[in-house]
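Here are my notes on this one, written for someone new to reading structures. Have the model open while you go through them.

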Amino acid sequence: MTADQATTAEPSAVPPRERRRVPGARLLGQIRQAEGAPKRLLYIGTAIVALFLILAIFAPQIAPYGFDQVESHGVRFPKQASPTWSHPFGTTVQSTDVLSRVIWGARTAIEVVVLSLVLSITVGVPLGLISGYVGGKLDRGLVLINDALFAFPYLLLAIVIAFLLSDKIGQGIITAAIAITVVYVPQYFRVVRNHVISIREESYVEAARALGAPRRTIIRRYVLANVIQNVPALATLNAADAILTLAALGFLGYGIQPTQAAEWGYDINRAIDDAGAGIWWTGLFPGLAIVLLVTGFTLVGEGLNDVLNPLIRKRRIRRPRIPEGAEPGGEGSTG
């Protein structure tokens with residue numbers, strides 16, 4: 001699903017005041033009412049993401065070693081050792097444990113994704129609200145800037161931002177998160193702006209405007225309540241893209257420094273020479289981690305889009321119970 005497809009959801013018929021009271025309950029209610037493959041995909045994706053969240057949160061307790069640990073009890077780990085009981089995923093050319101680096105890499109990926117999504121939503125959603133509701137020269141200026149950013153290939157733009165920030169704040173989690181944020185701000189801007197334009201002339205917005213409600217109050221209470229429903233599905237899909245972008249930055253050498261944290265893209269880059277020598281484990285397991293986490297976020301995003309979009313959502317339909325004698329031709333039928 002692209003950024004523009006997230007705008008296909010129609011404004012909800014639930015009054016804004018009711019939605020503000022129980023936003024979480026309404027979302028859970030829509031998920032419970034959904035049926036079919038989208039609901040199952042949502043549950044599968046949620047389970048995969050939850051697994052990586054557990055690995056990220058409890059990495060110090062789950063990982064057998066540190067991400068850059070090369071020895072234990074004074075004994076150095078073997079170099080490029082095949083999987084064994086002591087090293088289930090083998091070791092790398094630097095004598096680090098592959099399993100530990102995969103687990104610590106999950107923490108790095110989750111930290112960067114969460115930080116980049118928070119920054120993207122914090123910047124993109126308010127800009128889209130203001131641009132779509134106010135319009136005029138401000139709207140044209142913001143559209144021009146965001147379309148210019150959106151025209152760049154996302155990976156090239158992330159590399160440029162990471163390169164410019166590396167001299168000032170270094171190559172760390174903050175730099176990677178900011179580089180990814182710049183890539184995804186235009187997507188939130190476009191989705192929110194397009195939706196605001198479609199609902200700013202709705203009757204309840206017109207009524208609030210006629211009653212003299214301030215512009216800030218109208219945007220916060222009435223417009224945002226209908227626009228925000230598109231953000232969760234878009235955020236989860238962007239999270240999947242952010243994992244790939246982070247891995248690409250690490251693979252090309254513009255990501256996180258190997259002395260600061262474990263990163264799957266960097267590990268795959270170091271495993272290229274190993275693959276030619278038949279050492280498959282140093283690149284296989286980081287690659288599988290990337291595939292699994294991207295798949296999980298993608299399933300969650302697609303499932304949320306299908307569940308929250310009233311145009312394609314499948315509801316649970318209960319078969320009606322017809323009382324005895326009311327069937328055609330029965331005793332209770334007439335004519």
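The points below go from the overall picture to single residues.

1. **Before you start.** This is a predicted model, so take its ground rules along: local features need pLDDT of at least 70, side-chain atom pairs count only at pLDDT 80 or more, and totals for chains, interfaces and linings use all residues. Residues are numbered from 1 along each chain as its sequence is written, and side-chain values use heavy atoms, with hydrogens and water left out.

2. **The overall picture.** The protein has 14 helices and 2 strands. Both kinds of element are DSSP runs numbered from the N terminus (helices are H or I with at least four residues, strands are E with at least two). Of its 335 residues, 46% count as buried. Buried means under 20% relative accessible area, exposed means over 50%, and partly exposed is in between (1.4 Å probe, protein chains only).

3. **Surface and contacts.** Now look at contacts (heavy atoms within 4.5 Å). Among those with a separation of 6 or more, 74% come from residues 24 or more positions apart.

4. **Two helices crossing.** Find helix 3 (residues 37–57) and helix 5 (residues 98–134): they pack at an angle of about 105°, with their axes 7 Å apart. That makes helix 3 roughly perpendicular to helix 5. The labels work like this: under 35 degrees is roughly parallel, over 145 roughly antiparallel, 65 to 115 roughly perpendicular, and the rest oblique. An axis here is a line fitted to C-alpha atoms, for helices over the stretch in contact, and angles run from 0 to 180 degrees between N-to-C directions.

5. **Who touches whom there?** Helix 3 brings Phe 52, Leu 53, Leu 55, Ala 56 and Ile 57, while helix 5 brings Ile 103, Ala 106, Arg 107 and Ile 110. By class, that is 8 nonpolar, no polar and 1 charged residues. (Ala, Val, Leu, Ile, Met, Phe, Trp, Tyr, Cys and Pro count as nonpolar, Asp, Glu, Lys and Arg as charged, and the others, Gly among them, as polar.)

6. The whole structure has 6 aromatic pairs. One of them is Trp 280 with Trp 281, edge-to-face at 5.5 Å centre to centre and 85° between the planes. Rings of Phe, Tyr and Trp (its six-membered ring) pair if their centres lie within 6.5 Å; planes under 30 degrees apart are stacked, over 60 edge-to-face, and the rest tilted. Trp 280 is partly exposed at 45% relative accessible area, whereas Trp 281 is buried at 8%.

7. **Two positive phi values.** His 73 isn't a glycine, yet its phi is about 55°. His 73 sits in the loop between strand 1 (71–72) and strand 2 (75–76) and is exposed, at 82%. Ser 95, also not a glycine, has a positive phi near 70°. Where is Ser 95 found? Look in the loop between strand 2 and helix 5; at 1% relative accessibility, Ser 95 counts as buried.

8. Ile 243 lies in helix 11 (residues 231–252) and is buried, at 2% relative accessibility. Leaving aside residues up to four places away in sequence, Ile 243 touches Ala 109, Val 113, Ile 290, Leu 293, Val 294 and Phe 297.
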